Amino acid sequence: TIQFIARGKVAGASIFKLSRNGPRTQYCDVMLPALATFVVEDVQLEDKVVTVKLISRGSMLNNDPELARWCDEIKENLLMPSEEKFSELLQGEEDCTTRNCAEYKRHSTWGSSHREMQCARHASAMFTNVSVGQGATLYFSAACEKLSADERCKLVDEMRDVLQNVNAYCDHCTSPVNPADHPRGFVWSHAWVQPKNDIAQGLPVTYRPSYALLSQLGRVRRDPEDQSQIESHVPRVELKNDLMKMEAGEVIEISSAMIEKVHNAENRDLRMDKVFKELGEEPPKVKDVYGDKAFKITVGELQQLVRSTMVTTSSSLPITFYEHLVGDFTSHPDYMLFFTVFRTSPLMKIAEDFSECYKLHLKLAVEEEQETLGKLKEADEKISKGDRSGYGLKHRNEVKNSIVNQSLRLLRKGEEMLVEEYQNDFRKWVDKVLQDPTKYGFTSKRHALLNFSKTLMELSTEVCVSQRGYFFTSGSERGKSNHIAPKPPRAVTFLSAPGLDFCYIQPTLREAPKYFNRIAQDGQEAHKGWMYFKEGKQSEFHHRIKVLYRCIFTSAKRQGVRNMCMLSLGLGIFLSNIEPILKEELVKEYFKAQFELLSEEDWGFENYFINATTFTATAMALLDEGLKDDHNYNNEKDRLHLRSNIIFHNKDVKFLAAHLSTLGRSASFLNPSDSQAVMQGCMGMYWELGRSFNFVGEEDWGATSTGVLSCFSISGRYLHLEHDNENDDAISTTTTINA
């Protein structure tokens, strides 16, 4: 005998019985349709009577994951009887028969009429979270509690329709990509980067759509052999004429034909892609890669995109200080390489203890040069033996060697006087700021010293650069991901911000000791082995992540974003020096920060789409726990409640943002950036020359969108980064804001 006790949803619900041959397990295989509205809280077996306690609104079983999964499956597959029949069953006015129950594993259907199916949908829509198909789960905002079942069903249908028209992980054609290998949630291993892990089969750099965009706008042509035009393997983005003074009605076209035209004009001999010559191979036809559609936009529309550029900084990083630091020094062509080399040194040390900084970075550069030369030798040996993987190894280390050579060019004796001149200019400016800190937005000298004690990489996690723009490609047509698509009716808001860097040696040695303890293994390098939080430091780390997301959310709010398209910022390669046991905790802190902000304030978001990839289960468990009554994200006394719907999904985030824009909806795209992007204006970083491991999420964004227009060499005027040190009073802050 099975007794069901339903409470919460139906006032005074009575106990009713179901006679059957008896349960085959303690948890019973026979469930009532009540599971379409209620879930199991407790199961007890006593004297051959199984008592199942049910509670409403989809609260999941805490102590029995198997039952929780069971309830989820039942909820998705059961069809309800009519409302009248269901009410009678709950009130115990009718005995349950074989027809009126469903057996787990067989999923017996409760009827097939439209009304019965609608009833089932209405019941499932009353859960706190529901499946919307396509592997996605929707968590309703607190405001949705006021909606009728019909309205909630409509929202579920709407989310289903949106997601079913967006491709998941894939390359240009139809080959699947393992999501576990791509934790940021969107494509970056495209066919035109390195299909089949073979760099030789990639495409010429001039096939990248953004190259064609800049070429049509009159980019200053560069000589690929002239390294002076490249800073850290990032070619300068310079236009011959001011974009804002060009003819507004001129039409710019991104299409296979235009890309091929630009390629033939600038790289027909493949001098920018020597690997093709080495292998004697021909690149594929452009049309085979991008299809036959065209993206068209006027210069006037591009000018509007540039005007939309904004910078948001944390409350402790004054806007005026950021504008001067970045405009006068870190993004200035004369000083850019200097600050690229010293970006992991505290600003005050650069100004006042430069000798130590200089010796450290020279030592690191020499060691790195020896390492990369060794790797290049290894790559050449592989190639000589016919091992094609050597080309990928060679490219990665050619890029690294290019960067090291530039550092050494600056640091070695021939340039030493120039380095001292740069450092002296910066020291004078620091002294000027400390003499009158309030003029640069600081509340006191102590406040200024706090910021000067940080490195550029540390400051970068308090910055978000936003600009409206368009993707040239889409992923809404099966088998045609990253084919060029027509311009949608509405722009996407690009949000560029970096996570905390525990990937590279110097940033890890700077950041990790603040928060973590390490257990060193024999022979382990000093930047590895971080195992657990220091006492009292977990809350500081959490605050740091929350500051980062507050900048992102504030920037999105200012741009009027209603649909946030998010991914796992900072949880991929940036955690590579963290041990797995600690990595799990850091992942939780990133998601907690987001859920807290979404529960504490109304940011104007209707929907918060997030592809958490391999971290989805962790994120959903945190949200489930926090949404319980009087918990972190649902506490009436503290006015905490979910202000936005949250949708976990497995779609390509770039394609989702692009699809929402085709629907005319205000959407954003989170671009996981490098510190050099937001502190030096190198937006998209290696989008032009990168391949293999040098072409990841940020590069994909830069190569397939108008995002390159946010490079400070183009957008700097609208961020107030173009000004004279002697005329500080002229600075305006209308397009920048403190979060």
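Predicted model: local features only at pLDDT ≥ 70, side-chain atom pairs only at ≥ 80, totals over all residues.
Residues are numbered from 1 along each chain as its sequence is written, and side-chain values use heavy atoms, with hydrogens and water left out.

**The whole chain**

- The protein chain has 25 helices and 24 strands; helices (H or I, at least four residues) and strands (E, at least two) are DSSP runs, numbered from the N terminus.
- Of its 739 residues, 56% count as buried, where buried means under 20% relative accessible area, exposed means over 50%, and partly exposed is in between (1.4 Å probe, protein chains only).
- Among contacts between residues at least 6 apart in sequence, 75% join residues at least 24 apart.

- You will find Ser345 in the loop between helix H11 (336–341) and helix H12 (347–352).
- Ser345 counts as buried because its relative accessibility is 4%.
- Not counting residues up to four places away in sequence, Ser345 touches Ile350, Cys357, His361, Lys454 and Thr455.
- The side chains of Ser345 and His361 are joined by a polar contact of 2.8 Å. A polar contact is a pair of N or O atoms within 3.5 Å; within protein, one must be able to donate a hydrogen and the other to accept it, and residues adjacent in sequence count only if both atoms are side-chain atoms.

**Val404 in helix H14**

- Val404 lies in helix H14 (residues 389–411), and its 2% relative accessibility makes Val404 count as buried.
- Leaving aside neighbours within four places in sequence, Val404 is in contact with Ala365, Glu368 and Glu369.
- Val404 and Ala365 are 39 residues apart in sequence and 5.9 Å apart in space, C-alpha to C-alpha.

- Helix H16 (residues 445–452) has His447, Ala448, Asn451 and Phe452 buried. These residues are on the same side of H16, because they cover an arc of only 135 degrees around the axis; the arc is that of the directions from the helix axis to the C-beta atoms.
- In helix H22 (residues 653–662), 9 of the 10 residues are buried, so H22 is largely enclosed by the rest of the structure. Among them are Phe655, Leu656 and His659.
- At the start of H22, a side-chain oxygen of Asp652 comes to within 2.9 Å of the backbone nitrogen of Lys654.
- Just after H22, Gly664 has a positive phi of about 80 degrees.

**How helices pack**

- Two packed helices are described by the angle between their axes and the distance between the axes. Axes are lines fitted to C-alpha atoms, for helices over the stretch in contact, and angles run from 0 to 180 degrees between N-to-C directions.
- Helix H5 (residues 209–216) and helix H6 (residues 256–266) pack at about 70 degrees, with their axes 9 Å apart. That makes H5 roughly perpendicular to H6; angles under 35 degrees count as roughly parallel, over 145 as roughly antiparallel, 65 to 115 as roughly perpendicular and the rest as oblique.
- Pro209, Tyr211, Ala212, Ser215 and Gln216 in H5 meet Met258, Ile259, Val262 and Glu266 in H6.
- The axes of helix H18 (residues 505–515) and helix H19 (residues 538–558) come within 8 Å and cross at roughly 125 degrees, which makes H18 oblique to H19.
- Here Glu511, Lys514 and Tyr515 in H18 meet Glu540, Phe541 and Arg544 in H19.

Methods. Contact = heavy atoms within 4.5 Å.
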